[in-house]
Amino acid sequence: MLSWLGSAIAWIAGIVVLVKLFQKEGILKGILGLICMIYTFIWGWMHLKDESLKLKTWMYIWTGCIVLGIILNVIAQKSS
Amino acid sequence: MESKFRQTWFKPVFSSILSDPAERIALAVFGLLQVGLHMAGLPGWACPFKAVFGIPCPGCGLTAAMDELLHGQLLASLRTHAFAPIFLLAFLVILAAALLPASLRNKMVAGIDRFERRTGMTAWVLTALILYWGIRLFGLV
């Protein structure tokens, strides 16, 4: 349940960053970001200082959820 | 209208990623990590779409397919994700761009830029990938 919740929050944060990627870089890079969310994640961190995009909070939430997901994954693998 | 469409379709996307030092290095590192973790049997980046909705995104399966391709299992790789060879090639180009000296890299990026502007290759590949995703979603492949 906690894992799913983390994924859901990560998904929302990811979609917000993806929408900003579409708006800033155009449709092709947007589709690339949709296919490869790692690219969206990298792009988000690279544009963190761009105040007009207001990415900071979303990127921190997204990254936190990913770290949480990795920890939960490791715990789940060890306990199984 | 047509000119705007042409501008979008023939916009060099891949070469613009390659020409940005931070983007190409970050993608090379993340890509190596992702494929490396998968090859080691460890969990890597989980697709947020699949984790939440259980529906694969257009890129789902690419890491596994690239892993199979790197092990020489071409047919298995194509069955897992038909675009694996294209993405592996793109990944190798990103790695090369991250490692090559500036003079060689600039020549390579300029060549890719011209190729993209002439053919609109990135737009074709991305469109085909979205169509392939739809076909896979409806179980036609």
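Start with the lining of the largest pocket: by class, 37 nonpolar, 9 polar and 2 charged residues. Here Ala, Val, Leu, Ile, Met, Phe, Trp, Tyr, Cys and Pro count as nonpolar, Asp, Glu, Lys and Arg as charged, and the others, Gly among them, as polar. This is a predicted model, where local features need pLDDT of at least 70 and side-chain atom pairs pLDDT 80 or more, while totals for chains, interfaces and linings use all residues. Residues are numbered from 1 along each chain as its sequence is written, chains are lettered from A in the order written, and side-chain values use heavy atoms, leaving out hydrogens and water.

Select A:Ile35, A:Cys36, B:Leu62, B:Met66 and B:Phe87. Of the 48 lining residues, these lie nearest the centre of the largest pocket. The pocket's volume is about 1300 Å³. A pocket is an open set of points on a 1 Å grid over the protein atoms alone, where a 1.4 Å probe fits, with protein on both sides within 12 Å along at least five of seven lines; lining residues have an atom within 4 Å of a point. Points are joined across faces, edges and corners, and the volume is the space filled by probe spheres set on them.

Next, the second largest pocket, at about 470 Å³. Select A:Ile66, A:Ile70, B:Gly44, B:Trp45 and B:Ala46, the closest to its centre among 26 lining residues. H4(A) gives the largest share of this lining, 8 residues. By class, the lining has 19 nonpolar, 7 polar and no charged residues. Helices here are DSSP runs (H or I, at least four residues), numbered from the N terminus.

Now show the interface. The contact (heavy atoms within 4.5 Å) takes 28 residues from chain B and 24 residues from chain A. About 2500 Å² is buried between the chains, with 82% from carbon and sulfur atoms. Buried area is the accessible area (1.4 Å probe) that two parts lose on being put together, summed over both.

Which charged pairs cross it? The count between chain B and chain A is 0 salt bridges. A salt bridge puts a side-chain nitrogen of Lys or Arg within 4 Å of a carboxyl oxygen of Asp or Glu.

Over all chains, the search finds 3 salt bridges. For one, select A:Asp50 and A:Lys24, whose side chains meet at 3.3 Å, N to O. A:Asp50 is in the loop between H3 and H4 of chain A and A:Lys24 in helix H1 of chain A, so the pair ties together parts 26 residues apart in sequence.

Notes: Helices (H or I, at least four residues) and strands (E, at least two) are DSSP runs, numbered from the N terminus.
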